[in-house]
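Here are a few exercises to work through with the model open in your viewer. Try each one yourself before reading the solution.

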Amino acid sequence: MSAFWHHHHLRRALAREPRLERFERRDSLAPTVRRALKTAAYRDCDHRCVYCGWDMPYTDATLDHVQPIARGGRSQPGNLVVACGPCNRLKADQHPQDFFSRWPSAGENFIRYARAVNRTLKRTARRAVSLAWAAAEAA
């Protein structure tokens, strides 16, 4: 019986870039700033997940970047909404148009509940939802 952990002495550590300090990381926010942004987004989104519409308690709300940081988004109020954990994980780091074309009902909820979002992001959502519904009707 040969298992991989029997060969642990054969593994080599890979070189890694030095870690940045906690608040030097790309687009990292201090906890007090993050909490203030989450509270404002929670209020602006009417205490609901912007993707599924669930009326959630503050403790279950997660801060979501509509345009993901990994894709060039920033931690600014026009790019932040609240989402429940499952919806936030489902969206992951997808562009909003990709996510809404795959899940048009999430796009409709986004249009309804994300009131303080950048106008361009809302326009993108409307277009992706209308194209997704048109494609579904054609099929």
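**Exercise 1.** Which pattern does the chain follow, read along the sequence?

Before you start: this is a predicted model, where local features need pLDDT of at least 70 and side-chain atom pairs count only at pLDDT 80 or more, while totals for chains, interfaces and linings use all residues. Residues are numbered from 1 along each chain as its sequence is written, and side-chain values use heavy atoms, with hydrogens and water left out.

*Solution.* Take helices (H or I, at least four residues) and strands (E, at least two) as DSSP runs, numbered from the N terminus. You get five helices and two strands. Walking along the sequence, the order is α-β-β-α-α-α-α.

**Exercise 2.** Work out what share of the chain is buried and what its surface is made of.

*Solution.* Start with burial (under 20% relative accessible area, 1.4 Å probe, protein chains only). That covers 36% of the 139 residues.

**Exercise 3.** For contacts between residues at least 6 apart in sequence, find what percentage join residues at least 24 apart.

*Solution.* A contact means heavy atoms within 4.5 Å. Of the contacts in question, 58% span at least 24 residues.

**Exercise 4.** How many disulfides are there?

*Solution.* Look for cysteine sulfur atoms within 2.5 Å of each other. The count is zero. Cys84 is in no disulfide, and its nearest cysteine sulfur, on Cys87, sits 3.5 Å away. Now check burial: Cys84 has 5% relative accessibility and counts as buried, and Cys87, at 12%, is buried too.

Key
Buried < 20%, exposed > 50% of the residue type's maximum accessible area, 1.4 Å probe, protein only. Areas by Shrake-Rupley, 256 points an atom, 1.4 Å probe, with all protein chains shown as cover.
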